[in-house]
Amino acid sequence: NFSGQVISSEGTLIVSSGAQVTDAFINVAVAKINGIVEGDINASEEVVLGRTASVTGQVTTRAFIVEEGARFNGSCRRI
């Protein structure tokens with residue numbers, strides 16, 4: 001479990017199944033989500049929601065990939 005900011009302008013964030021990120025502000029190049037994220041995700045390249053992902057918040061990215069089974073409640077803005 002993690003709460004807070006993740007900033008890595010050229011890095012990749014992986015949230016594994018069973019992991020939880022709350023009150024999040026995420027600013028990375030790539031975000032691969034299989035766990036729970038509550039907050040905003042800004043990714044300069046792509047966001048991938050795996051089958052076990054649950055994301056609540058605003059997603060801003062160039063490419064947004066949602067696998068079957070993933071849950072997304074929020075808004076998405078393409079850059």
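In which sense do β1 and β2 pair, and over how many bridges? In this predicted model, the two strands pair in the parallel sense, and ten bridges join them.

**View 1. Strands β1 and β2 are shown side by side in their parallel pairing.** Within this pair, V6 stands opposite I26 of β2. The residue I26 also belongs to the largest nonpolar core, where it is among the residues with the most contacts.

**View 2. Five strands form an open sheet with parallel pairing.** Their order across the sheet is β1-β2-β3-β4-β5. On average, neighbouring strands are turned by 15° against each other, direction ignored.

**View 3. The largest nonpolar core contains 17 residues.** Those with the most contacts inside the core include I33, V37, I41 and V55. At least two core residues come from each of β1 (2-15), β2 (20-33), β3 (36-49) and β4 (54-66). The strand that gives the most is β2, with six residues. In soluble globular proteins, nonpolar side chains tend to be buried together.

**View 4. The surroundings of the core residue V37 are shown in detail.** When residues up to four places away in sequence are not counted, V37 touches V15, V21, A24, I26, S54, V55 and T56.

**View 5. The residue T60 lies in strand β4.** T60 counts as buried because its relative accessibility is 8%, and buried means under 20%. Apart from neighbours within four places in sequence, T60 is in contact with I41, N42, A43, R77 and I79. Of these, I41 is also among the residues with the most contacts inside the largest nonpolar core.

Technical notes: Residues are numbered from 1 along each chain as its sequence is written. This is a predicted model: local features need pLDDT of at least 70, side-chain atom pairs count only at pLDDT 80 or more; totals for chains, interfaces and linings use all residues. Side-chain values use heavy atoms; hydrogens and water are left out. A nonpolar core is a set of buried Ala, Val, Leu, Ile, Met, Phe, Trp, Tyr and Cys residues joined through side-chain atoms within 4.5 Å. Buried means under 20% relative accessible area, exposed over 50%, partly exposed in between (1.4 Å probe, protein chains only). Helices (H or I, at least four residues) and strands (E, at least two) are DSSP runs, numbered from the N terminus. Contact means heavy atoms within 4.5 Å. Two strands pair if DSSP finds at least two bridges between them. Axes are lines fitted to C-alpha atoms, for helices over the stretch in contact, and angles run from 0 to 180 degrees between N-to-C directions.
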